[in-house]
Amino acid sequence: IDRNISLRRMVVQGSDPKGVVLLLHGFPETLHAWRGVTDELVGEYEVHAFDWPGFGLSSRPSAATFGYSPHDYARVLRQYIGKAGIDRSRLTIYATDIAALPALLAALDEPDIARTNIVGDFAPFDRPHFMQERLQALKSPETGEQVRAQLNATRDEIIENAWRRGFKPEEQFEISAAFKADMTTAWNHGNLTTADAFARYYAQFTRDQNYFEANLGKLKTTVKIIWGERDIYIDKAMGVEFAARTDSKISILPGIGHYPHLQDPRQTAADIRSAHTVADSTQGIRW
């Protein structure tokens, strides 16, 4: 990306793809989170995914050179699309959790960043009461450092159970051993842990939320919103408000939690296909 940042990425190319899909992960994930979705889309689309700085095996630059804020991640996203030579007129971005606000900030700066942005299970506005208590605490300078330390101290429990919370034992779903191993190995990659990067992101989150809300009228990129009905981390009411204020369509997924792409990758792939089809019908095929 630049002299301070290199990204680990995955690219799956089809022989005659309908378009390009860029999958952007959240916390505590790596690009391995998209294996199930990629398996569903292979052959239909050219699929890209990468680890954010501070996550997976991507670079972990010092705070002196990189801020880990949503705005900083938005810059990385724009640079990746350019470096990868992606045709924006063919691009659908699917961004979840911490990835969603950077995708939308990038769209504010460059309305043609993609044909369609699919976002969900995130906090576009500063509404702490819609967020899990620990996420609220990360937004505060008085409590953020304590939460960061707790996250690092409970790494193994997070990697094992972040996806399970809010579900009864009989409702649980598994993630692959390879994905767990990748997150475990990557957590302490470099001089910054995954939790450290997450805490730095949240330390500047309110500022960037407020910027986004103040500039909401400038958002011109087509947005589709996907939300897990049973998301315990960020209440679906946040998605409903965002949809109403941007006149966007929202799909509330019954029985699904904060990680739709892990819980039901087939549904996520269907949502991507649907958004692509709608974009064709409203914009015309431009390639």
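Me: By class, how many nonpolar, polar and charged residues are in the lining of the largest cavity?
Reply: Keep in mind that this is a predicted model. The largest cavity has a volume of about 200 Å³, and 15 residues line it. Sorted by class, that lining comes to 10 nonpolar, 2 polar and 3 charged residues.

Me: Which helix gives the largest share of the lining of the largest cavity?
Reply: Nearest the centre of this cavity lie Phe27, Gln132, Leu135, Phe198 and Tyr233. As for the largest share of the lining, it amounts to 3 residues, and they come from helix α4 (residues 133–138).

Me: Over to the strands: is β5 enclosed or open, and how many of its residues are buried?
Reply: In a regular strand, side chains alternate between the two faces of the sheet. On one side of β5 sit Thr116, Ile118 and Gly120, on the other Asn117 and Val119, and all are buried. Strand β5 (residues 116–120) is largely enclosed by the rest of the structure because the buried count is 5 of the 5 residues.

Me: In which sense do β4 and β5 pair, and what is the hand of the crossover between them?
Reply: Strand β4 (residues 91–96) and β5 are joined over 5 bridges, and the pairing is parallel. From β4 the chain passes through helix α3 (residues 100–109) to reach β5, a β-α-β crossover that is right-handed.

Me: Which residue in β6 stands opposite Ile118?
Reply: β5 also pairs with strand β6 (residues 222–228), in the parallel sense and over 4 bridges. Across from Ile118, the β6 residue is Lys224.

Me: Last one: is Asp264 buried, exposed or partly exposed?
Reply: Asp264 sits in the loop between α11 (260–263) and α12 (265–283). Its C-alpha atom is 9.3 Å from that of Phe173, although the two are 91 residues apart along the chain. Buried needs under 20% and exposed over 50%, so with 29% relative accessibility Asp264 counts as partly exposed.

Note on methods: Residues are numbered from 1 along each chain as its sequence is written. This is a predicted model: local features need pLDDT of at least 70, side-chain atom pairs count only at pLDDT 80 or more; totals for chains, interfaces and linings use all residues. Side-chain values use heavy atoms; hydrogens and water are left out. Helices (H or I, at least four residues) and strands (E, at least two) are DSSP runs, numbered from the N terminus. Buried means under 20% relative accessible area, exposed over 50%, partly exposed in between (1.4 Å probe, protein chains only). Two strands pair if DSSP finds at least two bridges between them. A crossover is right-handed if, with the strands pointing away from the viewer, the path from the first strand over the helix to the second runs clockwise. On a 1 Å grid over the protein atoms alone, a cavity is a set of points where a 1.4 Å probe fits but cannot get out, and a pocket is an open set with protein on both sides within 12 Å along at least five of seven lines; lining residues have an atom within 4 Å of a point. Grid points are joined across faces, edges and corners, and a volume is the space filled by probe spheres set on the points. Ala, Val, Leu, Ile, Met, Phe, Trp, Tyr, Cys and Pro count as nonpolar, Asp, Glu, Lys and Arg as charged, and the others, Gly among them, as polar.
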